[in-house]
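Here is a short walk through one protein chain. Keep the sequence and the 3D view open as you read.

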Amino acid sequence: MGALSSLATLGLNLALSRQAQKAEDKQSRSAAAQQIERIRLDSAGDRQRAEADLRRRIAAERARAGAAGVALTGGSADAVIRGLEEESRAEVAARMAEDEARIAAIRDSLGQRRRRNLLDFTSRWLNAGTRSLGGMRTGGRSLLD
């Protein structure tokens with residue numbers, strides 16, 4: 001009867017531990033989702049600031065060209081504006097790639113943490129089960145024999 005009680009206790013502890021691990025996993029996923037959302041919001045704000053900065057720079061270049069008596073369209077004025085636009089696009093693309101790398105790192109870290117927790121959980125309970133079953137042996141037999 002003591003063996004059944006030990007098995008029942010082991011099963012209950014296993015279930016409670018698994019439930020706690022699931023809650024921890026859920027909390028980790030929630031924290032990761034918040035970090036990713038914060039990165040995306042910051043990125044959107046950066047893009048808006050970059051667009052506003054580009055508009056100001058283009059307006060300043062056009063004003064400079066107009067003050068110098070150069071046509072506002074065509075020729076060198078268009079080349080300068082295209083250069084500013086390409087520079088801005090390259091900066092935005094670099095920021096987006098950086099943000100995606102940060103998001104991928106967060107997701108990788110979450111996956112590694114979940115795998116490590118699962119391995120720790122499994123090994124801990126396999127060892128506990130083996131110890132419990134080994135301690136129940138009386139007369140060389142166990143319930144599994």
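Start with Arg18, which sits in helix α1. Helices here are DSSP runs of H or I with at least four residues, strands are runs of E with at least two, and both are numbered from the N terminus. This is a predicted model, in which local features need pLDDT of at least 70 and side-chain atom pairs count only at pLDDT 80 or more, while totals for chains, interfaces and linings use all residues. Residues are numbered from 1 along each chain as its sequence is written, and side-chain values use heavy atoms, with hydrogens and water left out.

Arg18 has a relative accessible area of 30%, so it counts as partly exposed. Now look across to Leu118. It is 100 residues from Arg18 along the chain, yet their C-alpha atoms are separated by 9.3 Å. Arg18 is in contact with Leu118 and Phe121, leaving aside neighbours within four places in sequence. Contact means heavy atoms within 4.5 Å.

Move along to Gln21. This residue also belongs to helix α1, which spans residues 2-67. Is Gln21 buried or exposed? Its relative accessibility is 7%, so Gln21 is buried. Beyond its neighbours within four places in sequence, Gln21 contacts Asn117, Leu118 and Phe121. Leu118 and Phe121 are also on the contact list of Arg18.

Further along is Ile39, again in helix α1. Ile39 is buried because its relative accessible area is 6%. Which residues does Ile39 touch, not counting those up to four places away in sequence? They are Asp99, Arg102, Ile103 and Ile106.

Step back to the whole chain. There are two helices and zero strands. Of the contacts with a separation of 6 or more, 82% join residues 24 or more positions apart. Of the 145 residues, 21% count as buried. The chain exposes about 10300 Å², and carbon and sulfur atoms supply 55% of that area. Accessible areas come from the Shrake-Rupley method with a 1.4 Å probe, and for residues only the protein chains shown count as cover.

Next, the charged side chains. Side chains of opposite charge can pair when their charged atoms come close. A salt bridge is a side-chain nitrogen of Lys or Arg within 4 Å of a carboxyl oxygen of Asp or Glu. By this rule there are six.

One of them joins Asp46 to Arg49, with the closest N and O atoms 2.4 Å apart. Asp46 and Arg49 are three residues apart in helix α1, so about one helical turn separates them. Asp46 is partly exposed at 28%, whereas Arg49 is exposed at 53%.

Another links Arg56 with Asp53, where the closest N and O atoms are 3.8 Å apart. Both residues lie in helix α1, three residues and about one turn apart. Arg56 is exposed at 53%, and Asp53 is partly exposed at 32%.

Finally, Glu61 bridges to Arg64, with a closest N and O distance of 2.4 Å. Glu61 and Arg64 are three residues apart in helix α1, about one helical turn. Glu61 is partly exposed, at 26% relative accessibility.

How values were computed: Buried means under 20% relative accessible area, exposed over 50%, partly exposed in between (1.4 Å probe, protein chains only).
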